[in-house]
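Please open the model in your viewer and keep the selection panel at hand. The stops below say what to select next and what is there.

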Amino acid sequence: MNKDVLNGLFRPKAVAVVGASATPGKIGYTVVKNLIDSKYEGNIYPINPKASDILGLKAYPSVKDVPGFIDAAVIVVPSTLVPQAVIECGEKGVKGLIIITSGFSEVGQKDLEAQIVQSANNYGMRILGPNIVGSLSNSDKLNASFAPFLPLAGKASLVSQSGALLIAIDAATYTRKVGFDKLISIGNMADVSIADIVEWLNEDENTTCISLYIEGLKDGRHFMEASRKARKPIVALKAGVSAHGAAAAASHTGSLAGAAKVYGAAFQQAGVLQATDLDNLFDTTLALSLQPPMNGENLLIITNGGGVGVLATDAAEKYGLPLKFAPADVQAELKKHMPEFGSAKNPVDLTGMAGNEWYADSVRFSLSHPWVDGLVVLYCETAMTDPQEIAIAIHKAIQESGEKNKPVAVSFVGGERSAQAMTWLVEHGIPAYGAPDKAVNALASLREYARIKEMAHEDTSICKNENREQALKVINAARAEGRESLTEVEAKQVFTAYGLPVTTTTLAHTEDEAVQMANKIGFPVVMKIVSPDILHKSDAGGVKVNIKDEKEVREAYQAILSNAKAYKADADIHGIAIQEMAPWGTEVILGSINDPTFGPTLMFGLGGIFVEVLKDVTFRVTPVSTSQALRMLGEIRGAPILGGVRGEAPRDRKMLADTICNYSSMILDLADEISESDANPVLVYEEGKGVKVVDARIILKKK
Ligand code: COA
């Protein structure tokens with residue numbers, strides 16, 4: 001990130017509008033008018049070859065004719081004229097280009113887009129867009145866009161990949177009372193990426209929360225890196241989670257991975273909160289932009305109504321912050337601020353008799369008590385109270401408590417007066433919501449943010465147990481035969497090169513060899529067809545298990561060969577694998593895909609029906625450390641099975657986590673080679689007894 005250039009782009013001291021027009025209705029007119037209407041204090045230079053004056057401002061035929069410096073140029077000439085405009089801006093020494101013009105990669109004009117980026121970069125300029133609405137900043141009184149006005153002022157900044165949505169959000173900031181400092185439209189992301197803007201906003205003094213509307217990232221890993229380093233909360237709404245999914249995947253993992261899962265994993269790893277919908281994006285942004293993270297699990301709810309208290313209690317459980325009873329000393333003190341029939345347990349029910357003072361006293365006391373980590377204050381409009389006075393009392397009590405590190409959210413349920421009181425609260429830095437569950441969800445987001453930040457400090461050291469050369473030898477030999485999938489025997493050789501504990505597997509080419517090998521491995525053994533043309537071995541009758549003696553080896557050898565030939569007459573048969581028959585263990589699956597956005601990505605789940613039917617799996621973008629792998633084991637619904645159920649001993653989770661870590665090293669190190677892979681099943685034994693990879697599959701990248 002070149003900070004000076006991006007400062008020029010997003011916080012310019014002088015702006016040119018290339019394609020400014022005196023004709024109302026044209027975008028070139030609207031942009032100039034918006035700059036004037038937003039009371040921008042820097043110089044505005046309309047650029048137009050024919051006009052001498054636009055909206056009362058002196059116009060120039062070219063940026064090169066402008067006497068003073070220009071930080072940013074908003075470009076609104078048709079796409080065919082953009083390359084020349086870029087060159088002139090470069091010659092003038094402009095820092096950033098806000099290219100509103102459409103007609104580039106979004107309509108297949110990729111070369112034209114690449115050309116303007118190259119040209120701009122040659123001059124040291126950066127491009128926002130093209131195909132955008134523009135960029136708006138309240139703190140700079142800058143509306144360099146064709147969105148009608150600056151958003152309601154606030155501390156969050158939003159980056160949107162959809163221009164139309166940005167305009168809609170701009171208007172909605174006023175009705176929803178969620179304030180923003182900057183709204184940035186990013187369009188085609190030809191040059192400046194979301195990651196670049198996250199890095200820049202992280203340094204922006206007027207932004208406390210970064211809010212993102214994402215359709216598809218181009219540079220997944222850069223985004224993760226920028227987000228992980230950010231010292232501010234980031235909340236993202238990812239749209240289009242259903243499109244990219246399970247299309248024609250060669251592996252099990254490929255069919256289970258979809259944009260929703262992989263983006264979800266990447267966001268979590270990068271410390272990005274994920275909004276569930278647009279409504280939630282607003283709600284979460286409001287909380288994150290105004291309140292500190294919640295550094296513990298203890299949520300206290302204060303209410304004047306039992307009903308909203310129960311709704312909030314349900315929501316607390318739903319959003320992962322289940323309520324606990326307040327300790328005795330907290331209850332005793334709170335009891336002083338309610339009638340006899342109130343309840344101080346949690347939710348704290350001050351009853352319908354609660355007035356300003358009871359609210360103020362209980363809020364002040366609760367925030368100052370060390371047990372309380374976060375507070376939700378609920379209020380149902382009553383005939384005896386004035387919502388505005390309650391709001392003032394709550395705000396004053398928060399101030400008086402002196403507590404700055406515990407978050408508070410409020411919900412007033414009622415009519416117009418309650419709505420006005422909530423607007424006042426938001427203006428005074430307290431997030432307020434029309435429904436109790438939303439206030440609870442706001443605190444859950446602040447708790448989630450604190451958790452994510454804690455996780456960022458966990459051990460991220462990766463396993464380095466690799467023999468790349470050995471793996472490449474196997475892969476190159478397969479490629480030399482024109483193959484893009486490895487046989488099980490080959491895949492296991494690659495796995496072994498990265499320290500993965502596979503079952504002993506040898507390849508027999510004759511019946512006698514098979515007998516010899518089985519004797520060496522020790523009975524019982526498993527025998528499997530090895531053919532690049534038969535990926536689904538069981539379906540082809542190519543697998544025989546629990547073979548106990550020489551006679552059975554010979555029978556199985558013949559049976560497997562004839563089954564394979566019947567399945568696919570011209571199959572290229574490498575031989576028959578003779579394998580150690582691993583004792584029973586809990587079946588799990590590991591797998592990988594090479595995600596187009598995030599690169600090598602790993603999947604873990606329980607095997608058998610858990611993966612087939614329930615799709616109970618979890619993903620991580622590599623690298624995955626052992627402690628991150630342990631966390632993955634706890635994420636699936638079937639996690640208790642690994643802990644040992646129905647009197648079974650706990651499974652060897654430590655060894656499984658180490659195996660995941662080694663698997664991660666393998667797919668990361670061989671990212672240029674492996675497209676998809678599965679280790680399925682992997683058998684997990686009792687604690688201390690390790691794991692065994694029973695079957696392995698690797699699909700190579702096309703070269
Ligand atoms: N330098 C400066 N101004 C120039 C110029 C040059 N080299 N060449 C022409 N102009 C002037 C034109 O004369 C015109 O001014 P005028 O009204 O005084 O004649 C002005 O620039 C605009 O050019 P015009 O040809 O009238 O274009 P337009 O306004 O019809 O369309 C865009 C231009 C950029 C708005 C249009 O091409 C476009 O891309 N629209 C879509 C924008 C959009 O939706 N973006 C994405 C949102 S998500």
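Among contacts in the chain between residues at least 6 apart in sequence, where contact means heavy atoms within 4.5 Å, 71% join residues at least 24 apart. This is a predicted model, in which local features need pLDDT of at least 70 and side-chain atom pairs count only at pLDDT 80 or more, while totals for chains, interfaces and linings use all residues. Residues are numbered from 1 along each chain as its sequence is written, and side-chain values use heavy atoms, with hydrogens and water left out.

Helices (H or I, at least four residues) and strands (E, at least two) are DSSP runs numbered from the N terminus. Of the 703 residues, 56% count as buried, where buried means under 20% relative accessible area, exposed over 50% and partly exposed in between, with a 1.4 Å probe and protein chains only.

Select K39 next, in the loop between α2 (27–37) and β2. Phi of K39 is near 65°, a positive value in a residue other than glycine, and at 59% relative accessibility K39 counts as exposed.

Now turn to the aromatic pairs, of which the structure holds 10. Rings of Phe, Tyr and Trp (its six-membered ring) pair if their centres lie within 6.5 Å, and planes under 30 degrees apart count as stacked, over 60 as edge-to-face and the rest as tilted. Select Y45 and Y60, an edge-to-face pair at 5.9 Å centre to centre with 75° between the planes. Y45 lies in strand β2 (residues 43–47) and Y60 in the loop between β4 (57–58) and β5 (72–75), so the pair ties together parts that are 15 residues apart in sequence. Both Y45 and Y60 are buried.

Select F149 and Y174 next, which also form an edge-to-face pair, at 5.6 Å centre to centre and 85° between the planes. F149 sits in the loop between β9 (142–145) and β10 (153–160) and Y174 in helix α5 (residues 163–176), 25 residues apart. F149 is partly exposed, with a relative accessible area of 36%, and Y174 is partly exposed, with a relative accessible area of 36%.

For a pair of helices, select α3 (residues 82–92) and α4 (residues 110–122), whose axes come within 9 Å and cross at roughly 5°. Axes are lines fitted to C-alpha atoms, for helices over the stretch in contact, and angles run from 0 to 180 degrees between N-to-C directions. The helices α3 and α4 are therefore roughly parallel to each other, a term for angles under 35 degrees, with over 145 counted as roughly antiparallel, 65 to 115 as roughly perpendicular and the rest as oblique. In this contact V82, P83, V86 and I87 of α3 meet L112, Q115, I116, S119 and A120 of α4.

Which residue lies over the face of Y263? Select K238, which is there at 4.5 Å from the ring centre; a charge sits over a ring if NZ of Lys or CZ of Arg is within 6 Å of the ring centre and within 35 degrees of the ring normal. Y263 also forms one aromatic cluster with F223, F267 and F598.

Finally, select F523 and P524, which are joined by a cis peptide bond with omega about -5°.
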